[in-house]
Structures are given as C-alpha cells and as structure tokens.
Amino acid sequence: MTETKDNMESNENLDHRFENLAGYVLGALDHAEERTAVEDLIENDPEVQAEFEQLAEAAHLLAIAVPPAEPPASLKTRIMEIASQGEPTRLQDVVAEYIATKNISRSTPWWQHAFQSGFAVSAAVAVLVVVVGGTLGYQNNQLGNEIETLRANLATESVVVANLQTELSTTLTDAETRVAEMKSEMKVMEDDFGATTEMVVHQEEMVSELAIVNNALRQALSDQSWLTYVAMKEDYQLESWLASNTPQVTTTEPAASGLIAVRVVGNEAVFQVHGLQQPQPGFAYTLWLMGNGAPRPVAQFEVSGIGSATIAFLLPAPLRFFSSVMVTQERVNGIGSDPTGIMVLSAQTN
Amino acid sequence: MVGRVLIGQMNQLNYEELEDLELLAKISEKDRQALAELYDRYGRRVFALAVRMLNDPVGSEEVTQDVFMSVWRRGASYTSKKGKFTTWLFSIAHNRTIDELRKRKRDRSRENTDIDDHLNIQSSDISPADAAVAQSEYLQIRAAMEKLPVEQKHVVDLSYFKGLTQTEIAMKTGQPLGTVKTRMRLALKKLRTALSAEIGAQA
C-alpha cells in the first residue's frame, strides 16, 4: 500500500523532464539517445540540474558505501608509468623520430656549400661534372630498366585491383540487400515494441484509475456511516435505497450508489450520491421526485472529483407520496417540466 | 583543508594539503604527483566499487587504471555542472564498470548473486582501521537499504550494482517500465535522505 501511494504521488507529479534522470544516474538507460537527451536537459534546465545533483549524490553514496578492497601496490605503479609516457605520440613526432633514427641531415645541402665556396673552385667543378655526368648516365640507364619492370608489375597489379573491385561491388550489393532486410526486421520489432509500450502505459493508467476508485469507495463508505450517524442523532429516517445492486434501482453507472435521509418531523431531507462520472460539458446532474403528479426537479448539483455530492432540500410532500427518485443529466439552468436528459440513476421509494 | 603549504626553504608543494579541485587543476597541467595523490585518496574506493560490481579483482584493476587514466587525460573537461568532483569521479568509475559488466554479459551469461552477498566485506587484505570504517558504512548502507520497500531495493541493486537497464529490469521483474522508473527515483531520494547525513559528512 505504501508502495502504491508512493507511485501515485510520483505519478501525480510526473514531469517528462525528470522521467529518465534516475535511470541516467544509475547508468540504466537503454539507449545513447536517451543519455544525450538527459545531458542536454541537465545542461540547459536549472530545475533538472538541481534534481540531477540530488540523485547523483545518492548514487555517489552508494558508491562510497561499498566495502573497501585493497588494490595491489603494482596498480599505482602501473598507472604512474602510463601517465609518465605522456600523451599519445603525434604523427609529426613519429616522422621526426624516424629522421633522427635514419641520421638524415636536415641541414644545408652540399651543393649550396659548393656554390658558397666561390668561383675559385669552378674549374675543379667542371671536371667533376664530366665524371659525375658519366656516372649519372649509367645510373639513368639502370633506373630506366627498373621503371620498365615497375610498369609491368603495375599492369599486373591493375588486373588484380580490377578483380578486387568486382568482388567488392558484389559484396557491397549483398551487404545492401542484407541491410535492407535488417531494416525491415527492425521496423517489425519497433512496431512490436511500440505496441508493448502502449500496453504498459494502458496498464499503468488502469492501476491509477483503480486506486482512485478504491479511494472513492472508501470515502463513500465513510460518508454513509456519517450520514447514518447523523440520521440517528438528528431524528432523520434513513431511506437507503440507492444501492446499485438492488432490484428496484435502475442505473447506467454501475459504480453509482446513494441514499436519502428524511427528518421524522418536518419535511427536511438530505440526498447523497457516490460514484457518478463527471457530466457531459454543459450538463449538470438533476434530482427529480416522480409519481406524485408532475415530475418535480429538486436541485441541480455538481459532483466532486470522486463523483460524490450531498444536497439538503425541502420535500414538497412526504417522501412516501412519491413513487420514485431519479437522477438525470440536464442542461445547466435549462430544466424543463419533464426529465429529458440521460437517466443515470433511478430508484423506487417503497 | 587549507590551501598550499610550503616546506622548508625548497618551496615544495605539499600535495596532501591540496583540495581535490586544486589537484585536478594540476593534473590538467600533467602534474604526475597530483595524480598520485588523487589515486591515494580515491584509488581504493574506485577499486572497491569495481570489485563490488565485477567480483573480479583482476578486471577491477583494469577498470581502476582506466578511470585514473581518464582523469589524467580528460581532467580539464570537469565543470561544476557535472556535480561535485567526487560525484563526477565515481560516475566515471561506475560507468566504466558497467561497460565492463555489460561486455562480460554479452560474452557469457553470469550467475546473479543476492544483494546481501555483495554487502558483505569481501577482501581479507583490509587493514583493521579500514575494516572498522567499512563495517560502519556497511551497517549504514544496509540500514538505509533495509528501510526501502523491497521493490525499490531490488531495482537499485539490479541497476546500479548489476548493470541492468530500465527495460531489462522491467522484463526481469515483470513490472511496467514506468513503475521501474518511479521506483528508481523514489529509492534514490530516500537513500539520499537516509544516508547523506551519515556518510555524506565523511565523504
């Protein structure tokens, strides 16, 4: 019962902004999209931020209240070693390291030094050019051969690549077909999930309605006891005839019940009803006395949130002179000489 | 705690005297000593949370290492909007452990153990002083948990310590999803009320 009350209290204050906050704090959300949505709310909504801080603090208490366990000393050493390795190495650092490893000089090229040494060595350079030219010619011939070989290899590789492209294309087509199938399956699963969610919501609504009806019945019982007590103390005679399961009662609302108490001396009466739905817009419930000449409208009345009403009125004649009592829905301030609206409750008085 | 304390003539910083956020600021400057101090303060608790959830000391070491390396690399991303520093730190630890737990669940289905088993002190390597503190905190959390309606206690255990999602809990308990969400929220609020005065002051 406590649990039900708690749930009811929560449901009454239900605000979709807070709906997934506890799940977020407990790490129990199902989808990344839900987490992102909650984080956006925390970032932008001060009320959600405040609620988040409270719930997060509770989760934090759970974390610190677990029994301590001693990690091995090597764990701290390992963490500090990893920290000392610094940030992940950047590509340019890798290149720099490679250059250093290969002892590749990034200083001024040799030929710049040569030119900077002046024309004094130009004759020696001329001789050197002849020698180097001969050497380069030989090397050029060798490079030409290597290029031809590479071209031949490239042609072979091109064929291989073309075959791979064909295979890849086939694989892609298969994958696209499979993705389409999976999308279709997911759509079916989403529809099923939607239907299940709808059922869950419906069940929750039913539980909530049942709780309200339960409260209404308790209230009705309580009120009836009170009226019975008043009837005895104040010389009222209780005409308890509106129980919906009695044969003389006709009703369109099975949950409805009611009673009339009449003072023994005099013509004062009290009418009480329970379990009525709210009337249609523009209509109000009307109490009629029937069977003693023309129908007599006694009063138009509203019902409380739980469908109850209590009305005190003067009987135009002793109640036994009337054959029945009736409650109908009539237009507000539009009562005619006869009941024309929906009859919700009718009962014989004898 | 006070701010900074200078020792002798060397102007050496006493890291033990620094507040958590001061340590975090130093960590964002890649101060390893600050990381070591932070580990000394919270390493055991992070490890203990992982052990509590995974029931596996080796896996818990990996989780603890990941948590502190995450702080080392992303400490500068902390803002007060993420809650108190310790709340933020333990949320990193919890999320990381849940990731590990779910990864393992995907690999193989694990036998669930009762909540009371988890609440028992499991390590035999705890010092007598720590054991006394642990026993005190254990009794407090146990008392607070016992005050919860059994359904609320169950959803907290399934979500926080066993890593089940809301939908998984709804399916496991046969309760509507809305009811599960409501119970989670109510349980946290009640726990906070019951425990914050007791343990919060010590944290």
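Predicted model: local features only at pLDDT ≥ 70, side-chain atom pairs only at ≥ 80, totals over all residues.
Helices, taken as DSSP runs of H or I of at least four residues, and strands, taken as runs of E of at least two, are numbered here from the N terminus. Chain B comprises 203 residues, of which 40% count as buried. Among the contacts in chain B with a separation of 6 or more, 53% are made by residues 24 or more positions apart.

The contact between the two chains draws on 46 residues from chain A and 66 residues from chain B. On the side of chain A that touches chain B, at least two residues are supplied by each of α1 (2-12), α2 (21-25), α4 (46-64), α5 (73-84) and α8 (122-233) of chain A, and α4(A) gives the most, with 13 residues. Sorted by class, this side of chain A has 25 nonpolar residues, together with ten polar and eleven charged ones.

The axes of α5(A) and of helix α2 (residues 32-54) of chain B come within 10 Å of each other and cross at roughly 150°; because angles over 145 degrees count as roughly antiparallel, α5(A) is roughly antiparallel to α2(B). The crossing of α5(A) and α2(B) is right-handed. From α5(A), the residues K76(A), I79(A), M80(A), A83(A) and S84(A) meet R32(B), L35(B), A36(B), Y39(B) and G43(B) of α2(B), and the residues of this contact divide into six nonpolar, two polar and two charged.

In soluble globular proteins, nonpolar side chains tend to be buried together.

Within chain B, a further helix pair is formed by helix α3 (residues 57-74) and helix α4 (residues 85-107), which pack at an angle of about 135° with their axes 10 Å apart, so that α3(B) is oblique to α4(B). The crossing of α3(B) and α4(B), like that of the pair described above, is right-handed. On α3(B), the residues G59(B), V63(B), D66(B), V67(B), S70(B) and V71(B) meet L89(B), I92(B), A93(B), R96(B), T97(B) and E100(B) on α4(B). The residues of this contact divide into six nonpolar, three polar and three charged.

E17(B) counts as partly exposed because 13 C-beta neighbours lie inside 10 Å, whereas a residue with 12 or fewer would count as exposed. Although E17(B) and E37(B) are 20 residues apart in sequence, their C-alpha atoms are 9.9 Å apart in space.

Note on methods
Residues numbered from 1 in each chain as written. Chains lettered and ligands numbered in written order. Buried ≥ 20, exposed ≤ 12 C-beta atoms within 10 Å, placed from the backbone. Contact = placed C-beta atoms within 7 Å. Nonpolar A, V, L, I, M, F, W, Y, C, P; charged D, E, K, R; others polar. Axes fitted to C-alpha atoms, helices over the stretch in contact; angles between N-to-C directions. Parallel < 35°, antiparallel > 145°, perpendicular 65-115°, else oblique. Left-handed = near helix turned anticlockwise from the far one by under 90°.
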